[in-house]
Amino acid sequence: MSNLYGAIEAGGTKFVCAVGSSPDNLYVEQFATTTPEETLFLAIKFFKEQNYKNQLSAIGIGSFGPIDLNHNSDTYGYITSTPKMNWSNIDFVGGIKAEFNIPIGFDTDVNCAALGEHYWGAAKGLVDFIYLTIGTGIGGGGMLNGKLMHGLGHPEMGHVFIPLDSKDKYKGKCPFHNNSCFEGLASGPAIHERWGKPAKDLGYSHEAWGLEAQYISVALVNYILTLSPQRIIIGGGVMEQKQLFPLIHQKVRTMLNSYIQLPEIKNNINSYIVPPSLGKRAGVLGAIALAKQELEHK
Ligand SMILES: [Zn+2]
């Protein structure tokens, strides 16, 4: 019998928990992210029930952050300095490990989604790519040379600095950088506050989308110039506004101004900047893939 894995996609608004082994074998439950005690209790309860039916071989966790990924650190597996209330300094991995003595994989939500797309989706066969999510917050991860992007800590692509449009008077939504950074200017809550309505209620042709596409394109151009990814996958609630994709394709090409002569960008930008092919399941499937990797590396 093949191994069965547990997965958590821990988001700021909801926790998605699953057991399975692939997109064809996946059982999912989700609940709201409330206090750490209540939310972790529900996650543990879910896995205990599932584990009773079929034993889990490993659990993968993709979490909102910032998180501590340094195995030598005293706070490895913690959510660290998050602006999300009550969730700073929470021992996420330790809390799960105390209940299940099996390998636990831990990474950022975006690296997990990237891994899911690498196994089963839009990044199959690629070793250098970016996965970006634009929703309640903005985050980015992906792979470099076939390995999930880490470093001193982990990338924080949502907080790169972006020049403010001369007509944009918005004060920004990032508690750390106000209107200086990508998340402060272009997250779902920033769109809502700037225009007085949630993104999904603004309508297809609202001027919000031109400005949104501009800020996203500036960030993408900087990632392209710095990391030279083979593809960029963009998911998250804001990107459900599909009209953004053609606007972004056009603006990225205009900003690069033919400086990069690679055919993927020059001739095929539609298949270079794409939505996740696993859709909303990228994160939780990536956590399954992370569990799989963790077991193989033990
Ligand atoms: Zn910021």
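Modeller: We will go through some salt bridges, pair by pair. Keep in mind that this model is predicted.

Biologist: How many salt bridges does the count come to?

Modeller: The count comes to six. The rule asks for a Lys or Arg side-chain nitrogen within 4 Å of an Asp or Glu carboxyl oxygen.

Biologist: How far apart are the closest N and O atoms of K48 and E99?

Modeller: They are 2.9 Å apart, and the two residues form a salt bridge. Now place them in the chain. K48 sits in helix α1, while E99 is in the loop between α2 and β7, so the pair ties together parts 51 residues apart in sequence.

Biologist: Which residue meets R194 in a salt bridge?

Modeller: D168 does, at 3.1 Å from N to O. R194 belongs to helix α5, and D168 to the loop between β10 and α4. They are 26 residues apart, so look at distant parts of the chain here.

Biologist: Are R194 and D168 buried or exposed?

Modeller: Both R194 and D168 are buried. That puts each under 20% relative accessible area.

Biologist: What does K173 pair with?

Modeller: K173 meets E193 in a salt bridge, with 3.1 Å from N to O. K173 is in the loop between β10 and α4 and E193 is in helix α5, so this pair ties together parts 20 residues apart in sequence. K173 is partly exposed at 38%, and E193 is partly exposed at 43%.

Technical notes
Residues are numbered from 1 along each chain as its sequence is written. This is a predicted model: local features need pLDDT of at least 70, side-chain atom pairs count only at pLDDT 80 or more; totals for chains, interfaces and linings use all residues. Side-chain values use heavy atoms; hydrogens and water are left out. Helices (H or I, at least four residues) and strands (E, at least two) are DSSP runs, numbered from the N terminus. Buried means under 20% relative accessible area, exposed over 50%, partly exposed in between (1.4 Å probe, protein chains only).
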